[in-house]
2 protein chains.
Amino acid sequence: VSAADAESDFPLAPFRTIAIVGLGLIGGSLALAIRERWRDVTIVGVDRGDVLADAVARQIITRGAPSAAALATAADIDLVVLAAPVLQNIACLRDLASASRPLLVTDVGSTKQGIVTAARDLGSRITFIGGHPIAGAAHAGLAHARADLFRHRPWIFTPSSKGDEAALQQLRTFVSALGAEPAVLTADEHDRVMAYVSHLPQLVSSALMRSVGNAVGAPGLALSGPGLADTTRLASSPASIWTDILQSNAAHVREALDALMADLQAIRDQLDAPPAATAWLDEAARWRAHLRNGTRID
Amino acid sequence: VSAADAESDFPLAPFRTIAIVGLGLIGGSLALAIRERWRDVTIVGVDRGDVLADAVARQIITRGAPSAAALATAADIDLVVLAAPVLQNIACLRDLASASRPLLVTDVGSTKQGIVTAARDLGSRITFIGGHPIAGAAHAGLAHARADLFRHRPWIFTPSSKGDEAALQQLRTFVSALGAEPAVLTADEHDRVMAYVSHLPQLVSSALMRSVGNAVGAPGLALSGPGLADTTRLASSPASIWTDILQSNAAHVREALDALMADLQAIRDQLDAPPAATAWLDEAARWRAHLRNGTRID
């Protein structure tokens with residue numbers, strides 16, 4: 001077989017024992033995807049006791065561990081994936097700093113600058129490369145985890161030093177084998193792009209739902225059509241995930257909110273001016289066509 | 001059979017000959033719904049020649065007429081439904097004012113105050129009752145028309161004088177027979193509610209798509225997930241429909257935009273304050289649950 005064939009088949013798992021901290025939608029889907037791809041990889045989960053018991057019973061993980069700190073002293077871990085909310089991931093990363101041997105750590109959090117900065121202060125035994133799979137589903141939690149969640153979706157890595165090349169290549173191989181499409185950005189580039197393509201849509205969706213609900217109440221909502229439902233779908237997202245994201249990316253999110261409010265102010269001033277309103281709406285439709293043609297999500 | 005059974009069966013068409021001005025998604029779907037419900041109703045269409053030829057060939061309408069003005073002199077029309085863009089509907093309504101005999105006219109436009117005001121200046125031969133079916137689809141035009149577009153959807157009427165009771169009852173019976181759920185509001189109430197539940201989502205969706213596209217470009221859009229796609233779906237809507245709506249409802253839309261911008265400014269000031277951000281996000285999630293439970297669109 002050629003080198004290209006061997007790479008596309010990934011016959012050998014790049015890691016033999018993988019720990020996943022946080023078995024929610026993303027962590028749980030990662031476990032399922034690994035299990036589907038390589039039957040013999042050992043998967044160690046860290047989460048609440050009841051979640052671990054459920055995950056072991058359903059054969060999603062091999063065994064549980066009591067905490068991230070406990071992973072630091074485990075003899076067999078090749079990779080730790082932090083899949084808790086953003087600020088908890090940073091706390092777990094610090095717990096791993098006492099590792100008794102070299103450890104490769106990545107995360108799947110929605111913002112990267114905070115955790116990449118925290119990783120700089122750790123000892124040389126930890127190699128940390130930030131990661132972010134761009135994947136999600138309408139419902140959170142292990143119950144909604146799916147082995148194919150990452151298929152054909154981007155998985156961004158944000159390496160922070162040149163010395164991480166070998167580890168980065170290992171992680172790229174790993175997520176490619178799970179069906180994802182690896183990409184590399186700096187942590188700051190990542191956080192700015194996500195402020196626009198992910199965090200701004202969340203805030204817009206919630207603000208729209210709040211404004212409409214508070215102005216017209218349930219009787220007005222009963223007169224709405226599918227357009228409001230589509231545009232406010234994200235407003236159901238749990239606040240517990242979003243407060244960490246907003247806090248850890250506040251500067252970029254503020255920039256994105258300001259750009260949006262400037263665009264809203266522009267159309268507010270042109271409601272009575274059809275040529276200007278047409279140009280404004282047409283530019284939006286052109287970008288929407290770009291979005292549709294460049295992604296697999298419509 | 002009981003009176004209730006007779007009403008739910010609508011064995012007799014309330015109108016024998018119905019003219020529909022504008023055979024787009026709504027006008028075309030109305031023709032299909034009438035045709036499905038009562039085979040023997042005559043449907044007269046007004047649109048461009050090629051659209052009429054297509055609609056006759058596909059047996060969606062019985063015959064074409066060259067203009068709204070031509071309907072004013074037709075001997076057999078019982079009901080005229082104006083289904084062109086909002087400002088064209090007002091022009092067509094004025095063309096009907098020279099009717100040689102009493103004529104019942106309604107419309108399906110997205111704003112009501114303008115056309116209801118215009119109707120006051122017409123002669124006593126025209127009975128006008130504004131209407132608005134809350135129905136839509138991802139794609140516009142006769143090619144996407146569907147007989148079931150109005151089923152289980154609200155159809156709002158905005159009668160302007162007490163003397164229209166009999167005509168209003170006839171229209172309610174008519175749209176109920178097509179599967180819609182008639183409701184009655186004043187034109188001003190209708191326009192304010194629609195500014196929030198329909199016009200604001202359109203502007204928010206377009207503004208979000210513009211802001212994101214202009215900030216991160218096509219490479220950034222390629223890193224987006226389904227959340228951005230959902231929230232910007234409306235941004236594909238044709239500007240030609242929306243400029244009329246925005247112009248004819250500018251005051252209410254401005255009020256709605258101001259409410260939204262105040263909500264966005266509130267979260268902008270609280271990105272670093274998790275308890276306040278949680279309360280803000282939770283209120284949105286509560287309204288979204290109301291929307292989901294009170295409508296059939298999720």
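**Close-up views of a predicted two-chain model**

**View 1. Strands 2 and 3 of chain B lie side by side in a sheet.** Strand 2 (residues 42-46) of chain B pairs with strand 3 of chain B in the parallel sense over three bridges, where strands (E, at least two residues) and helices (H or I, at least four) are DSSP runs numbered from the N terminus, and pairing requires at least two DSSP bridges. One of these links joins B:Gly45 to its bridge partner B:Gly64 in strand 3. This is a predicted model, in which local features need pLDDT of at least 70 and side-chain atom pairs count only at pLDDT 80 or more, while totals for chains, interfaces and linings use all residues. Residues are numbered from 1 along each chain as written, chains are lettered from A and ligands numbered from 1 in the order written, and side-chain values use heavy atoms, without hydrogens and water.

**View 2. The open sheet of chain B has eight strands.** Their order is 3-2-1-4-5-6-7-8, with mixed pairing. Strand 3 (63-65) and strand 8 (181-184) of chain B stand at the edges with a single partner strand each, so one side of each has no neighbour in the sheet.

**View 3. Helix 2 of chain A is mostly covered.** Ten of its 13 residues are buried, meaning under 20% relative accessible area with a 1.4 Å probe, protein chains only; among them are A:Leu25, A:Gly28 and A:Arg35. At 1.5 Å a residue, counted for one less than the number of residues, helix 2 (residues 25-37) of chain A should span 18 Å, which agrees with the 18 Å between its end C-alpha atoms.

Note on methods: Buried < 20%, exposed > 50% of the residue type's maximum accessible area, 1.4 Å probe, protein only.
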